[in-house]
Amino acid sequence: MASRKPPTKAQLRRQHLEVAVQYPMDWLEERSGLIGGIKYFLFRNVPSDTNWMQTLGASTLTAFIVQAVTGVILAMYYQPTPQGAYPSIVRITDHLTLGWLVRGMHKWGASVFIILMFLHMGRVFLFGAYKYPRELNWIVGVLLLASGMAEGFTGYLLPWDQTAYWASVVGINLNGTAPFLGPWLAQFLRSGQEISGETLTRFYSLHMLVLPGAIAGLIGLHLYLVVRLGVTSPPWSKEAAGRERPEEPSDLRQGLTPPAATGSGGSD
Amino acid sequence: MEPSENGPDRDAAHHEPSPTIYPLGFAVGIAVILVGLVIDPLLIGSIGAVITIIFGFLWIRDAMHLHHEEEVAVEAEKRDAAKAVAEGRPVPTAERYPRSRFLESMTVGLGALIGGIVTVPVAGFALLPGFVGQGRHKVDLGPLTDFPEGAWLIATFMVDPSIGEVSRRTAFVRNNGIFKNEPSFTIISNRCAHLGCPVQANGPIGKTSRETTANGPVRLIQTSPAGFGCPCHGGQYDTEGNRTAGPPVRALDRYAFEIDNGRLILLSTFSVSHVDGTGAQAQIHKYKLTGPGEHVDGPEQWFYPIQPPHH
């Protein structure tokens with residue numbers, strides 16, 4: 001491909017720039033395959049009639065990332081001791097630069113996270129997106145919901161004020177009224193017969209290590225299944241109902257359709 | 001899942017069991033149990049249990065039966081070693097337990113062992129400290145002269161001063177005077193028997209006096225309650241701690257006490273189903289301490305057969 005005219009200066013500069021940008025990407029791709037992997041993850045084919053409601057899952061993920069980031073920063077200033085917890089919360093809110101903002105993001109973001117989880121679940125339910133072959137992803141989602149609620153419960157104690165204390169007393173005793181193992185569960189949560197400093201450190205550990213770890217792992221599994229199984233069409237989709245077929249069949253669902261159906265052409 | 005045109009739809013057969021009435025019967029059984037729990041747990045409850053078990057059994061048998069039908073008998077493949085030699089094919093060696101498999105299972109087994117060695121003590125450390133060595137506490141509330149006969153006092157004190165304010169508790173104390181040559185006290189815990197909120201005295205609050213004892217600062221607040229009420233969900237109790245209204249499942253817990261050198265010492269708490277009579281003549285129906293919201297009598301007590309260890 002020899003060009004008739006010699007390239008202009010601007011074109012040359014552009015070529016150099018492209019090489020400079022491309023080189024590190026190629027370097028990384030050759031050694032890890034990460035670029036291809038990210039492209040595979042982000043630039044998947046989705047049904048052409050997807051709906052805005054299908055952005056709720058990504059919104060929930062974003063809310064979780066906000067919680068994780070603000071939580072890590074709050075943990076730099078928070079002191080999980082009976083004497084130190086409330087004063088450190090006051091210090092974060094009233095004295096440290098931008099502390100009020102980050103704590104506010106974490107506190108209100110918690111509600112946003114829970115609300116978005118429910119909206120996302122409602123969308124999946126109403127779209128019938130929990131049906132075969134996506135049942136397992138619904139189950140993973142339920143575990144995520146439970147972990148998210150547990151995050152809310154354990155996080156509520158941490159400000160260590162009267163509201164936090166008595167809400168946790170009631171919450172733990174509610175667990176205690178479960179038949180048979182309830183009293184044992186309550187005593188585990190309290191780390192003893194009565195609420196003490198150990199309850200606070202226990203909830204802190206669950207809130208910032210155990211549960212976020214579980215949620216991160218479950219989100220990984222959740223997304224893996226989304227990528228593997230593909231995105232569902234809305235229930236009103238004509239395409240999914242087979243009434244309007246795209247010219248080329250999407251290869252997304254290969255392996256999911258029964259082999260017999262592939263060779264037989266249109267089924268209507 | 002789209003049904004395919006050619007051939008019998010095998011997938012549909014896999015995923016949709018033929019409809020049966022057994023789940024319906026099972027559900028009816030559960031419904032009868034629930035109704036029975038309200039009306040007559042022994043008779044109607046057990047009728048429901050029988051219905052549930054029978055239909056549950058039939059349902060499971062039905063489900064198992066469906067799976068059995070799908071089984072296809074395949075004859076095991078056989079190879080003739082002599083024929084293989086004749087045809088010049090390699091004969092599989094008769095190594096029953098190859099080295100690779102041994103190494104595989106050793107790796108997995110060793111990994112499991114190391115995992116177990118690490119996990120067991122760590123899980124124990126996470127679970128056991130909350131259950132073992134739950135110490136008894138004695139709380140010194142001060143000299144008996146602080147408790148005039150017949151008067152209610154709201155006492156706040158620290159159960160364990162070494163862990164600080166988080167161990168602060170409240171009790172309603174009334175000196176009932178001398179009964180059968182022994183001092184009598186009514187000492188009611190303010191932990192609501194519904195979900196553990198702090199119960200308040202329904203009445204005017206008087207003077208506060210402070211005392212410093214072996215348990216650190218103790219506050220005694222005069223009051224003349226008509227009963228006790230919980231701010232959280234509206235549970236109400238009379239002055240003996242009997243539930244009079246609202247969601248609590250039993251009477252308020254009480255403190256055992258002793259008199260030591262003329263001082264009132266609080267011992268452990270115990271649970272109370274109800275109290276007959278009042279003051280020194282009260283007959284207290286005592287139970288081992290249980291958590292709020294847990295029944296100590298009636299059929300519901302069977303939901304809480306084993307309590308975790310505590311003082």
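User: What does the secondary structure of chain A come to, and which pattern does chain A follow along the sequence?

Analyst: In this predicted model, the secondary structure of chain A comes to 10 helices and 0 strands.

User: What share of the residues counts as buried in chain A and in chain B?

Analyst: A residue counts as buried if 20 or more other C-beta atoms lie within 10 Å of its own. Buried residues make up 25% of the 268 residues in chain A, while in chain B, with its 311 residues, 24% count as buried.

User: Among contacts between residues at least 6 apart in sequence, what percentage joins residues at least 24 apart in each chain?

Analyst: In chain A, 68% of such contacts join residues at least 24 apart, and in chain B the figure is 49%.

User: Why are α3(A) and α9(A) called roughly antiparallel?

Analyst: Helix α3 (residues 56-77) and helix α9 (residues 197-229), both of chain A, pack at an angle of about 155 degrees, with their axes 12 Å apart. Angles over 145 degrees count as roughly antiparallel, and α3(A) and α9(A) therefore fall into that class. The crossing in which α3(A) passes α9(A) is left-handed.

User: Which residues meet where α3(A) packs on α9(A), and what is the make-up of the contact by class?

Analyst: From α3(A) come Leu61(A), Phe64(A), Ala68(A), Gly71(A) and Ala75(A), which meet Met208(A), Pro212(A), Ile215(A) and Ile219(A) of α9(A). By class, this contact of α3(A) with α9(A) has 8 nonpolar residues, 1 polar residue and no charged residues.

User: Why does Thr93(A) count as partly exposed?

Analyst: Thr93(A), which has its place in helix α4 (residues 85-94) of chain A, has 16 C-beta neighbours inside 10 Å. A residue is exposed with 12 or fewer such neighbours and buried with 20 or more, so Thr93(A), whose count is 16, is placed in between as partly exposed.

User: Which residues does Thr93(A) touch, not counting those up to four places away in sequence?

Analyst: Thr93(A) touches Gly99(A), Trp100(A) and Arg103(A). As for Arg103(A), which is 10 residues apart from Thr93(A) along the chain, the C-alpha atoms of the two are separated by 6.9 Å.

User: What makes the peptide bond from Tyr132(A) to Pro133(A) cis, and where does Pro133(A) lie?

Analyst: This peptide bond has an omega near 0 degrees, and it is cis. Pro133(A) lies in the loop between α5 (99-126) and α6 of chain A. Most peptide bonds are trans.

User: What is the value of phi in Lys180(B) and in Asn181(B)?

Analyst: Phi of Lys180(B) is near 55 degrees, and phi of Asn181(B) is near 65 degrees; each is a positive value in a residue other than glycine. Most residues other than glycine have a negative phi.

User: Which residues touch the most other members of the largest nonpolar core?

Analyst: Of the 41 residues in this core, they are Ala155(B), Ala171(B), Phe172(B), Val173(B), Ile187(B) and Leu252(B). The largest share of the core, 6 residues, comes from strand β2 (residues 152-158) of chain B. Apart from this core lies another, of 13 residues, among them Val102(A), Trp160(A), Leu200(A) and Met208(A).

Definitions and conventions: Residues numbered from 1 in each chain as written. Chains lettered and ligands numbered in written order. Predicted model: local features only at pLDDT ≥ 70, side-chain atom pairs only at ≥ 80, totals over all residues. Axes fitted to C-alpha atoms, helices over the stretch in contact; angles between N-to-C directions. Helix = DSSP H or I, 4+ residues; strand = E, 2+ residues; numbered from the N terminus. Parallel < 35°, antiparallel > 145°, perpendicular 65-115°, else oblique. Left-handed = near helix turned anticlockwise from the far one by under 90°. Contact = placed C-beta atoms within 7 Å. Nonpolar A, V, L, I, M, F, W, Y, C, P; charged D, E, K, R; others polar. Core = buried A, V, L, I, M, F, W, Y, C linked by C-beta atoms within 7 Å.
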